[in-house]
Amino acid sequence: MQPNEATDPVVVREPDASKGARPVLRGEGGREASFLPSTPQSQTSHPLPDPAAGIGLVIVGDEILSGKRADKHMDKVIELLAARGLALDWAEYVGDSPGRITATLKRAFDGGGLVFCTGAIGAAPDPPPRQCAATALGVGLQLHPGAEALIRERMQDVAREQGVPYEPDRPDNIHRLNMGVFPVGARLIPNPYNKIAGFSVGHVHFVPGFPVMAWPMVEWVLDTQYAPLFRQAAWAEKSVIVFGAMEASLTPLMENIEQAHPGVKVFSLPSVDHPQYGRHIELGVKGAPVAVEGAYTALLSGLRGFGAELGPELVR
């Protein structure tokens, strides 16, 4: 996709008689955009996210929807959350369409929940989510001074590794500064792999599409900003294999269990060709361990009342 001159800023260098070259953002028609230093913000300056909004994941990229790349992020994010007693509530895949990305991110910002967005950092001409994030927020874009410093460090590191002089004003090096252009007010997420930072706005956090970069960054966000949400060993799941029953006939029992045991979720996973159990339903409950015990006892009692044939019991 070609760059959008009306929305995609380009970092260039212009001479300044007193200070030498300086970075300037160019927007629509080549006009200079505002260049404002980001105000440092505490990583803990925001209240915790709305629990009712849940935890979400937005995965951006045409290459995933086209099948050129297989997504690895969702499984890993589920794993990282589970290790902290948390669970993913929703996920969306979005192609490289500015309109769709913007609409998705606006819902994320407005929802008030914790959200991670992958595929957000890069210098390619397709519309990175950072530009759509700014549109969704109704704010401008700016070169974050902290991100700029890290990008320059990275360029110097590469120059040393290659045994060549560092040329800060070389066109390709100037272009790399685009990777530090974020919505006004964004906070940085450190990237331990190559120093190219991600960013956060509120409880929506943007990381690269490369797993080797994204996953440590997600962990850093969780551990530094959301530790009060962790529920270590505070979540349980118990289920039983049910043979010879139709899911519809079990629905009233499932509804009764949830009504009688607030905070517990009942789940039903039908299977028609399981290699071990054949046609069956895995029926269970999940939630806080104390609540799960009572709900599971009631579930087994109800199933026996139906005369259902029960198989192995599973605990997670």
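Contact denotes heavy atoms within 4.5 Å. The legends below describe a predicted model, in which local features need pLDDT of at least 70, side-chain atom pairs count only at pLDDT 80 or more, and totals for chains, interfaces and linings use all residues. Residues are numbered from 1 along each chain as its sequence is written, and side-chain values use heavy atoms, with hydrogens and water left out.

View 1. Glu282 belongs to strand β13, residues 278-287; helices (H or I, at least four residues) and strands (E, at least two) are DSSP runs, numbered from the N terminus. Beyond its neighbours within four places in sequence, Glu282 contacts Ser239, Val240, Ile241, Phe267, Ser268, Leu269, Leu314 and Arg316. The side chains of Glu282 and Ser239 are joined by a polar contact of 2.7 Å. Such a contact is a pair of N or O atoms within 3.5 Å; within protein, one must be able to donate a hydrogen and the other to accept it, and residues adjacent in sequence count only if both atoms are side-chain atoms. Glu282 is buried, at a relative accessible area of 10%. Buried means under 20% relative accessible area, exposed over 50%, and partly exposed in between (1.4 Å probe, protein chains only).

**View 2. Strand β3 and its two partners.** In strand β3 (residues 55-60), 6 of the 6 residues are buried. Ile55, Leu57 and Ile59 lie on one side, and Gly56, Val58 and Val60 on the other. In a regular strand the side chains alternate between the two faces of the sheet. Strand β3 pairs in the parallel sense with β5 (residues 114-118) over 5 bridges, where pairing requires that DSSP finds at least two bridges between two strands. Within β5, Thr118 is the bridge partner of Ile59. Strand β4 (residues 90-94) also runs parallel to β3, joined to it by 5 bridges, and Val94 of β4 is the bridge partner of Val60.

**View 3. Phe109 in the largest nonpolar core.** This core has 32 residues, of which Leu105, Phe109, Phe182, Phe199 and Phe206 touch the most other members. A nonpolar core is a set of buried Ala, Val, Leu, Ile, Met, Phe, Trp, Tyr and Cys residues joined through side-chain atoms within 4.5 Å. Apart from neighbours within four places in sequence, Phe109 contacts Ala133, Ala136, Leu137, Val201, Val204 and Phe206.

View 4. The protein averages a pLDDT of 84, and 83% of the residues score at least 70.

How values were computed
pLDDT = per-residue confidence, 0-100.
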